[in-house]
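Subject: A structure for you to look at

Hello,

Here is the structure I promised to pass on. Please open it alongside this email, and then read on for what turned up in it.

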Amino acid sequence: MSRRELVVLGTAGAVPTRRRNHNGYLLRWDGQAVLFDPGEGTQRQMSHAGASATELHWVCVTHFHGDHSLGVPGIVQRLGRDGVSHDVHAVFPAEGAEYWERLKFATSYYGSAPLVEHPISGDGETLQGNGFTLAALPLDHSIATYGYRLVEPDGRTFLPEKLRAHGISGAAVRELSGPLLEECSVPRPGQKVAFVMDTRLCDNVFALAEGVDMLIIESTFLDSEEEQARERGHLTARQAGEVARACGVRTLVLTHFSERYTESDDRLFLEQAGFPGAVLAHDLDRIPLPARRAN
């Protein structure tokens, strides 16, 4: 059976704390993994989580602030050291290409990482993955920043009893079309995940989050720091909840918390988000994608 889950590697904002590592989010998707925003300590967090470099097929950086990218050198070097042979797609803002190059070659290392680079610019781009598309849209932060939306195409689930009734089996199943296909199968909605980090509220936040099964979104501040959030290009927990409700999100994952907050503040993030079943992410959490939507 395929496994689709979010492995949370770190949940801190700009400054890591005793209980929160810098950012890092590993989305496992049918035997391949997408790593979003590897901050400092990502390699070690992956070890704690039982994840390996050989899983990685995509590395996606939203922007080049350190808490979202200082783990890149270790990840790139680990890919080479572990002899990863398959392509690993690296997606990042083209405006920060000089930082990508510096991070990629930060030190001398052994081996060669099999990177296929996709610098994103302007209004963004949609890339083709294995069984999904990955769209990148620009956000509203203090430097060039992109959010990501992973979409599995809709498909159909075959009904064994209907196939048997028509004597259809083996390769013939793949040839079905027209009314017979409609009778022997039901629609299977594709799953969708959105990843939204450092940004003010803008149209593309809603575009990324529309109808997703899981929204992983920054909620750096509480209401008491709303003005600071706006000035620094961040969201509050309440704004994250507003996005989730407006967009019909199924699972809301709150993360990227300012170091000013302590464990006693955790409940406030959930209260202010006001989204039933919202998840307040902690380091090393494993959050499964919800079951597919009904037809």
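Before the sheet, a word on terms: two strands count as paired if DSSP finds at least two bridges between them. Helices (H or I, at least four residues) and strands (E, at least two) are DSSP runs, numbered from the N terminus. This is a predicted model, in which local features need pLDDT of at least 70 and side-chain atom pairs count only at pLDDT 80 or more, while totals for chains, interfaces and linings use all residues. Residues are numbered from 1 along each chain as its sequence is written, and side-chain values use heavy atoms, with hydrogens and water left out.

**The sheet**

An open sheet of 7 strands runs in the order β7-β8-β9-β12-β13-β14-β15, with mixed pairing. Its edge strands, each pairing on one side only, are β7 (125-128) and β15 (279-280).

With β9 it pairs in the antiparallel sense over 4 bridges, where Leu-150 has Val-193 of β12 as its bridge partner.

How many residues of β12 are buried? The count is 5 of 5, so the strand is largely enclosed by the rest of the structure. Buried here means under 20% relative accessible area, exposed over 50%, and partly exposed in between (1.4 Å probe, protein chains only). In a regular strand the side chains alternate between the two faces of the sheet. In β12, Lys-192, Ala-194 and Val-196 are on one side and Val-193 and Phe-195 on the other, and all of them are buried.

**The cores**

A nonpolar core is a set of buried Ala, Val, Leu, Ile, Met, Phe, Trp, Tyr and Cys residues joined through side-chain atoms within 4.5 Å. The largest one has 29 residues, and Val-196, Leu-215 and Leu-252 are among those with the most contacts inside it. Elements that give two or more residues to this core are β12 (192-196), α7 (203-209), β13 (214-218), α9 (237-247), β14 (251-255) and α10 (266-273). The largest share, 5 residues, comes from α9. A second, separate core of 27 residues includes Val-34, Leu-134, Ile-216 and Leu-289.

Contact means heavy atoms within 4.5 Å. Leaving aside neighbours within four places in sequence, Leu-252 has contacts that include Leu-215, Ile-217, Ala-240 and Phe-275.

**A buried threonine**

Have a look at Thr-11 too, in the loop between β1 (4-10) and β2 (24-29). Is Thr-11 buried or exposed? Thr-11 is buried, with a relative accessible area of 0%. Not counting residues up to four places away in sequence, Thr-11 touches Arg-20, Tyr-25, His-256 and Asp-283, among others. The side chains of Thr-11 and Asp-283 are joined by a polar contact of 2.8 Å (a pair of N or O atoms within 3.5 Å; within protein, one must be able to donate a hydrogen and the other to accept it, and residues adjacent in sequence count only if both atoms are side-chain atoms).

**Salt bridges**

A salt bridge is a side-chain nitrogen of Lys or Arg within 4 Å of a carboxyl oxygen of Asp or Glu, and by this rule the count comes to 20. Here are two of them:

- Asp-30 and Arg-4, with the closest N and O atoms 2.7 Å apart. The pair links distant parts of the chain, Asp-30 in the loop between β2 and β3 (32-36) and Arg-4 in strand β1, 26 residues apart. Asp-30 is partly exposed at 35% relative accessibility, whereas Arg-4 is buried at 13%.
- Glu-227 and Arg-230, with the closest N and O atoms 2.6 Å apart. Both lie in helix α8 (residues 226-232), 3 residues apart, about one turn of the helix.

Salt bridges that share partners also join Arg-3, Glu-5, Arg-28, Glu-55 and Arg-286 into one network.

Best wishes
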